[in-house]
Amino acid sequence: MWRGGSNTRTCKRRFFSSPTRSRHHRPPYICRLHSRGSQHLKAMAEVDHLAAERATARFDVEEMKVAWAGSRHAVHVADRMARLVASDPVFRKDNRTMLSRKELFKDTLRKAAHAWKRIVELRLTEEEADLLRQYVDQPGYVDLHWGMFVPAIKGQGTEEQQHKWLPLAYKFQIIGCYAQTELGHGSNVQGLETTATFDPKTDEFVIHSPTLTSSKWWPGGLGKASTHAVVYARLITEGKDYGIHGFIVQLRSLEDHSPLPGVTLGDIGGKFGSGAYNSMDNGVLRFDHVRIPRDQMLMRLSQVTREGKYVHSNVPKQLLYGTMVYVRQSIVADASKALSRAVCIAVRYSAVRKQFGSQDGGPETQVLNYKTQQSRLFPLLASAYAFRFVGDWLNWLYTDVTQKLEAKDFSTLQEAHACTAGLKAVTTSVTADAIEECRKLCGGHGYLNSSGLPELFAVYVPACTYEGDNVVLLLQVARILMKTVSQLASGKQPVGTMAYMGKVQYLMQCKSAVSSAEDWLNPDAIQEAFEARALRMAVNCAQNISQAASQEEAAGFYERSPDLLEAAVAHIQLIIVTKFIEKVHQEIPGHGVKEQLQALCNVYALYILHKHLGDFLATGCITPRQGALANEQLGKLYAQVRPNAVALVDAFNYTDHYLGSVLGRYDGDVYPALYEEAWKDPLNETVVPEGYHEYLRPLIKQQQLKLSRL
Ligand SMILES: CCCCCCCC/C=C\CCCCC/C=C/C(=O)SCCNC(=O)CCNC(=O)[C@H](O)C(C)(C)COP(=O)(O)OP(=O)(O)OC[C@H]1O[C@@H](n2cnc3c(N)ncnc32)[C@H](O)[C@@H]1OP(=O)(O)O
Ligand SMILES: Cc1cc2nc3c(=O)[nH]c(=O)nc-3n(C[C@H](O)[C@H](O)[C@H](O)COP(=O)(O)OP(=O)(O)OC[C@H]3O[C@@H](n4cnc5c(N)ncnc54)[C@H](O)[C@@H]3O)c2cc1C
């Protein structure tokens, strides 16, 4: 009966109804846990398996938390919001990868509603509310509502339009998304096909999807949740196509959520990974001559008059792309969060995990002590810090440019575009690859969902594509680099992050003075090598393009685009290194904090130099010997980081809830957690699996029968 009986009875039921028997069948460790109950678990949680690691840190972790978060206030608020989320059972997420798509989506709606309830009840500030949503850590329609719909209205709506729509959005009386991408075009925004044709008879726009490929496809929150969208469509008036513009369109009834007449919409289907981005209802949308009032065209940049006349304000057309610029800078800030989570898991687990080295019965070696582990992991740790600081700087730049735009100063628009596009591309590509590397650094256990790494990767990796495919964005940077190089001859001095190109005479011929490994600790030596490499790569590309004299410039650019991509990456890496060096030059309080950041800055720079040694050598910035010295210094830096590694990830100040990883637990008590987690899998709900009677038993019996006949 027990073995062959109903396989739908759960283990839980059996354990409680027949303790003796269940103990017999239940894995021994679980029995021990349950018999001792929560007291035992509590006692276990008090053991800090990483205490010895924490004791070797040579800096003040609390002060490093401040350096990471940006201020004492930021640490305090983040801490409060993280704990608020972690202690609320509604925000539980450990079961997420086991939910069906429908359950996961409903769970997301529930969490979003509960988060909003808490935000209102506790009267949280905008800063606190943003953090709370971040710690809920589940992609959902609210990301697009707050992250793109509201900013699009703020950036492209007139005062009057903002006055009308923003209060509705702020109180969730409407839910909005950002509907730009179509089935046929995403990267090429000018190629979008949806039309918005002005009808002067009724003072309305007619929104229409003329082809299958014009169907809106991908917008997050569109599939099931949104009532409204900012829709990007070709504006046609007086028979003329004026290109892409934004329109506020209602999609669903505010009474029963059904699609409005002429609107067809739904979810586009399951996406990569279990759990992960499947909590988001990315959607498809088609319009069949849907009419909206004229005043629902976002009219800050250009207008259509009552008579149907098109009027463009005296501002650059690219301001239409402002929402994307805003989100790209947020994505850079987000990269350091995702990367630091993965690194935190891999560092803590590497300190716990031991393999080999105990021939004489002594302790085995912590895998974190292997030089190969360090050389793979510490550059990622350094990158997390580097991205954090360049993200802060980019946020400053964005705010500065926005203020200038308000004052009708458009001089820094190109700089904002190049920096947001390039940094978004480099930081997301590195982070996605780094999460996967962290999974490998955790060996087999990293492949388990309970490590948190597979889901983190699956959620993160589309960042390389959304908000602009990374290659497309880097080519934008390359174009600006080529423009800047071409202007050098005319004596125009480049500004902002391109200013170094003004030192062209020097940087094209300088030779690095490094003669010992320690010389690479000099920030000037690093800065010079990175500047010379970036400039020489850009100039080489420009020369190659112009030498293809038979070709048009655009054709030359197309031909050389793989090299241009590398030149753009070199330029962006220079920005990251420069901003890290500038950060370390600042006053940084706290015992040993500045020294640790200095070491990480050097790790980041020398790792990039080592990884891209080909570029540095090919452009003649450094000699092979100097390259070898950089690698030698890198090894010394890894040894310096090693005793501080666990404390450096503690400084991220992540709760176990937010990390969502049995391998990255703060207390390092990994094995009982892994063991316990396994038994939560739905497959373990029954001892005998479903399907046994249909498939396994007949197979075994058949074989037994055959054998018995022999
Ligand atoms: C939503 C969450 C918000 C915050 C949370 C942060 C945390 C994030 C975590 C999770 C959130 C996940 C949410 C994901 C949501 C995803 C949304 C989307 O994907 S929305 C769709 C995004 N689509 C794109 O990015 C499309 C990319 N394509 C383009 O941007 C353009 O087509 C282009 C590639 C730039 C080309 O444009 P175009 O053909 O018009 O022009 P060009 O000829 O190339 O250039 C003409 C000149 O314009 C300049 N330019 C181009 N872009 C800009 C810009 N943005 N700003 C300023 N200037 C720009 C360009 O340099 C040319 O200049 P000149 O040479 O003429 O001087
Ligand atoms: C998870 C997710 C969420 C999204 N959310 C939204 C949303 O909320 N709203 C919205 O409007 N959109 C959204 N998008 C769409 C997203 O913005 C686009 O997918 C993205 O801009 C890339 O465009 P594409 O899909 O057309 O790629 P494609 O351009 O078709 O890219 C395909 C390949 O072609 C290459 N390529 C394209 N053009 C060039 C070129 N000029 N030179 C060299 N190579 C090129 C690319 O590098 C890539 O390798 C989302 C996408 C994802 C994956």
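Is Cys464 buried or exposed? With a relative accessible area of 17%, Cys464 is buried. Buried here means under 20% relative accessible area, exposed means over 50%, and partly exposed is in between (1.4 Å probe, protein chains only).

Before we go on, a word about the model. It is predicted, so local features need pLDDT of at least 70 and side-chain atom pairs count only at pLDDT 80 or more, while totals for chains, interfaces and linings use all residues. Residues are numbered from 1 along each chain as its sequence is written, chains are lettered from A and ligands numbered from 1 in the order in which they are written, and side-chain values use heavy atoms, with hydrogens and water left out.

**Cysteines**

A disulfide is a covalent bond between the sulfur atoms of two cysteines. The rule used here asks for a pair of cysteine sulfur atoms within 2.5 Å, and by this rule the count is zero disulfides. For Cys464, the nearest cysteine sulfur belongs to Cys438, 15 Å away. Cys541 is buried too, with a relative accessible area of 4%. Its closest cysteine sulfur, in Cys621, is 14 Å away, which is too far for a bond.

**Around ligand 2**

Now let's visit ligand 2. A residue is near a molecule if one of its heavy atoms lies within 4 Å of it. There are 20 residues around ligand 2, and Tyr178, Thr181, Ser187, Gly220 and Asp469 come nearest. By class, the shell has ten nonpolar, eight polar and two charged residues. Nonpolar covers Ala, Val, Leu, Ile, Met, Phe, Trp, Tyr, Cys and Pro, charged covers Asp, Glu, Lys and Arg, and the others, Gly among them, are polar.

Helix α15 (residues 470-488) gives the largest share of the shell, three residues. Helices are DSSP runs (H or I, at least four residues), and strands are runs of E with at least two, numbered from the N terminus.

Where does ligand 2 lie? Domain 2 (171-315) and domain 3 (322-495 + 518-649) both give residues to its shell, so ligand 2 lies between them. The domain bounds come from an automatic or database domain assignment.

Here are some atom pairs at ligand 2:

| Residue and atom | Ligand 2 atom | Distance |
|---|---|---|
| Tyr178, backbone N or O | nitrogen | 2.9 Å |
| Gln180, polar backbone atom | oxygen | 3.0 Å |
| Thr181, polar side-chain atom | nitrogen | 2.7 Å |

Terms used:
A polar contact is a pair of N or O atoms within 3.5 Å; within protein, one must be able to donate a hydrogen and the other to accept it, and residues adjacent in sequence count only if both atoms are side-chain atoms.
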